[in-house]
Amino acid sequence: MVRLIVDGKEVDAPADKPLIEFLREIGHVPGFCYTEELEPYGSCRLCLVETERGVTTACTLKPREGLKVETLSDRVIEMRKTALELLLSSHYGDCIGPCQDACPAHADIQGYLALIAMGKYHEAVKLMKEKYILPAVLGRVCPAFCEEACRRNLVDEPVGIRLAKRFAADYDLENGPWMLEIPPSTGKRVAVVGGGPAGLACAYYLRLKGHEVTIFEAMPELGGMTRYGIPEYRLPRDVLDKDIATVINTGIEVRTNTALGRDVSLEELREKYDAVFLAVGAWKSRKMGIPGEDLEGVMHGIEFLRKVNTGEEVKLGERVIVVGGGNTAMDVARTALRLGAKVTVVYRRSKAEMPANEREVEEAIEEGVEFLFLANPVRIIGDGRVEEVELVRMRLGEPDSSGRRRPVPVEGSEFRVKADNVILAIGQYCDEEFLKSLGIEARRGRAVVDEITLQTNVPGVFAGGDLVLGPSTVIESIATGRRGALMIDLYLRGRLEKAREVLANPRSTSES
């Protein structure tokens with residue numbers, strides 16, 4: 001105990017606890033944000049007191065011998081009043097910032113930016129991993145939905161959230177990464193099918209709950225589209241490997257070169273494991289359904305990127321036509337350019353309607369990729385191999401379901417361009433026939449799941465990632481993986497249906 005002088009009276013107080021706890025016992029100071037379970041931060045400013053060193057928060061102050069404290073000075077009362085008025089004021093800067101709201105994982109962006117600003121990089125990564133994994137990967141390939149919503153856009157330009165994340169994540173990997181502390185085993189076992197972002201996220205957050213997890217991956221290495229669909233110039237493989245290691249080294253068993261339906265059946269997994277999470281992705285490429293699509297020299301974007309990323313020899317001619325306007329089309333075009341081809345991207349709408357990340361488009365233009373907007377292939381011509389592509393001019397009509405103006409062919413506007421290769425990057429979807437063979441309901445190139453729990457029509461089998469979303473970003477897939485883990489945890493504890501009722505009726509007052 002130490003002797004203090006509080007408002008002119010001598011009192012004895014414990015020296016090892018924040019002053020606010022003692023002052024609350026004797027009824028001298030208010031407070032809003034302090035709790036014994038967390039480190040004090042002093043954010044509400046309602047517990048202000050005055051000492052010989054000035055005004056400070058009682059929650060961050062430790063008692064010391066001879067300390068003089070004023071809790072009701074005019075200065076303290078005025079400052080508390082101001083703090084309370086700010087807390088209660090009407091304002092547009094909501095507590096959940098627009099950046100956090102725009103992030104598919106709803107990460108505490110303000111929180112980890114503050115930690116980065118204070119040089120607390122490991123702590124920043126720890127906070128990131130509360131909502132998503134692979135921060136070093138996301139620091140390079142995330143579309144940065146958060147920056148699009150950043151309120152700084154109203155002033156000049158957004159905060160560089162993605163680059164700040166990349167810096168902190170790289171520092172963390174290079175200086176002994178922060179690792180999850182695993183709780184005691186629950187004795188429950190979960191099979192995760194697919195080692196891409198969604199599967200890795202599901203496995204990680206299941207380990208956070210103490211469940212045993214095994215990942216079954218059809219390819220030789222983990223990563224899914226991050227490894228086989230994103231070019232190395234955008235995502236270096238050593239960074240990907242290190243980031244994945246922070247997930248796997250939590251005690252996750254991995255079985256690569258093990259394909260569902262070939263090496264292991266869904267029935268086997270359901271027998272040996274308490275739950276199954278399917279994250280096999282959307283690897284089938286959409287076709288255009290035009291004459292000449294089967295000619296030699298015609299390829300599909302994802303297959304082209306997979307071959308390049310696995311080191312297979314890919315022979316391209318001098319002139320390559322890439323069809324599509326998304327991020328995959330940009331990756332294909334820039335990769336083909338690096339292989340020595342002259343590349344032209346053909347897109348049926350205008351540049352303004354392109355779904356690709358604007359930065360990716362601008363960088364493709366800077367590198368020398370040519371663009372042919374408002375045009376669409378109607379026929380691929382050649383004697384056994386691609387020689388020309390016949391296209392038709394397009395004009396923009398009324399908006400379609402996507403909100404973009406629908407492209408309409410201009411009658412009699414057909415023209416031809418020379419080509420040695422045509423690479424189609426017009427979208428991917430999951431293998432519906434494969435899913436149906438497993439007894440999983442599928443529709444429109446996606447697995448059908450409960451929109452709240454992510455459970456399929458097969459009890460105990462959940463799904464996420466591109467399999468459910470269709471082609472999506474890494475952060476979107478990770479978000480569904482984490483959500484799948486939370487739902488599987490509820491399922492294993494027999495609380496899934498009760499939780500579903502609460503989540504489906506957020507105003508319900510029944511116990512969860």
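**View 1. Five strands pair in parallel in an open sheet ordered β11-β19-β12-β13-β14.** Strands (E, at least two residues) and helices (H or I, at least four) are DSSP runs numbered from the N terminus, and two strands count as paired if DSSP finds at least two bridges between them. At the edges stand β11 (298-300) and β14 (370-373), each pairing on one side only. From one strand to the next the twist averages 25°; axes are lines fitted to C-alpha atoms, for helices over the stretch in contact, and angles between N-to-C directions run from 0 to 180 degrees. The model is predicted: local features need pLDDT of at least 70, side-chain atom pairs count only at pLDDT 80 or more, and totals for chains, interfaces and linings use all residues. Residues are numbered from 1 along each chain as its sequence is written, and side-chain values use heavy atoms, with hydrogens and water left out.

**View 2. β12 (residues 319-323) and β13 (residues 342-347) are joined in parallel over 5 bridges.** Val322 lies opposite Val345 in β13. Helix α13 (residues 301-309) packs on this sheet and touches β11 and β19 (421-424), contact meaning heavy atoms within 4.5 Å. The direction of α13 makes about 85° with that of β11.

**View 3. A parallel open sheet of 5 strands runs in the order β8-β7-β6-β9-β23.** Because β8 (253-255) and β23 (461-463) each have a single partner strand, one side of each is left without a neighbour in the sheet. Neighbouring strands are turned by 20° against each other on average, direction ignored.

**View 4. β9 (residues 275-278) pairs with β23 in the parallel sense over 3 bridges.** Val276 stands opposite Val461 in β23. Helix α9 (residues 197-208) packs on the sheet, in contact with β6 (189-193), β7 (212-216) and β9. The α9 direction makes about 170° with that of β7.
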